[in-house]
Amino acid sequence: MQLIRWDLSNDTFEHGQWFKGRIYERRCDLSPSGRLLVYFAATNRAPYGSWTAISKPPFFTALALWPKGDAWGGGGIFEDEETLLLNHSPEWEASFKLADGFRLKPGMHVKPCGNRPGRGEDEPINGLLRERDGWRVVEIGEEQYCGLNAPAIFRFSQPHVEEKVGSNGRRLQMILHAIGRRQKAWYGLDYRVIDRDGTLLIDLPESDWADWDGGDLVFARGGCIYRLSKSQFRYYADKREDAFQRLYDFSDARFTAVAPTRAALQY
């Protein structure tokens with residue numbers, strides 16, 4: 001996995017470090033300024049197995065690191081630029097202790113995340129992040145366990161649906177159909193945009209992510225990042241996917257060793 005910094009003001013991308021392991025993207029967060037990243041990672045190898053860290057994107061090189069050891073909990077949320085809500089259990093004192101050789105930014109405070117920090121997997125931390133960012137659940141859905149050897153560990157006979165209202169009143173919906181898919185993205189997701197009356201405006205099946213950037217729609221699918229500007233919404237019915245602006249195609253990216261810059265090694 002590669003960390004890439006996206007400047008939304010001009011849609012430029014700064015390619016950063018690669019990581020040979022698992023980044024749990026639903027337990028990660030950017031500070032309000034975008035200068036710091038908190039992430040949860042695992043290699044299942046010594047010395048830590050898994051850990052939560054703070055770095056300066058687009059680099060994974062840790063400035064602060066809390067060993068975890070398993071995949072329960074982990075990650076964090078920035079309450080503000082100076083406060084990190086750490087998703088480790090305070091009942092286990094060692095989980096709140098920084099590993100040797102790491103430090104916090106001067107003036108930064110660390111507090112437990114939510115009512116049950118360190119519990120669960122992507123939830124409940126993912127739900128807290130999405131609620132903060134303006135998403136709300138509109139359909140809980142009906143989840144069914146299919147087994148570890150099934151094409152997906154969980155499937156929804158009725159999908160789980162969340163939505164986020166844009167500045168123009170259009171509603172972006174995320175539709176979750178499956179979790180734990182084999183040989184595919186872990187989450188089986190579709191996105192769509194509907195108007196105030198519920199009429200379908202845009203359908204984005206098998207997309208990995210979508211959100212609003214002001215009145216624009218931005219989304220990821222098939223290794224590419226796209227933008228549909230608010231001025232182009234009215235043309236989508238006729239132009240369909242030709243109305244989308246493809247900002248970058250990452251599908252051919254391959255691992256390259258990238259050393260951290262001097263700036264990435266200090267707060």
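Two residues are said to be in contact when they have heavy atoms within 4.5 Å of each other. Leaving aside neighbours within four places in sequence, Ser 167 is in contact with Gly 214 and Gly 215. The model is a predicted one, in which local features need pLDDT of at least 70 and side-chain atom pairs count only at pLDDT 80 or more, while totals for chains, interfaces and linings use all residues. Residues are numbered from 1 along each chain as its sequence is written, and side-chain values use heavy atoms, with hydrogens and water left out.

Ser 167 lies in the loop between strand 13 (152–165) and strand 14 (171–181); strands (E, at least two residues) are DSSP runs numbered from the N terminus. Ser 167 is exposed, with a relative accessible area of 67%, where exposed means over 50%, buried under 20% and partly exposed in between (1.4 Å probe, protein chains only).

The aromatic rings come next. Rings of Phe, Tyr and Trp (its six-membered ring) pair if their centres lie within 6.5 Å; planes under 30 degrees apart count as stacked, over 60 as edge-to-face and the rest as tilted. This rule gives 17 aromatic pairs. In one of them, the centres of Phe 13 and Phe 250 are 5.5 Å apart and the planes stand at 80°, so this pair is edge-to-face. Distant parts of the chain are linked here, since Phe 13 belongs to strand 2 (residues 12–18) and Phe 250 to the segment after strand 20 (245–249), 237 residues apart. Both Phe 13 and Phe 250 are buried.

Technical notes:
Helix = DSSP H or I, 4+ residues; strand = E, 2+ residues; numbered from the N terminus.
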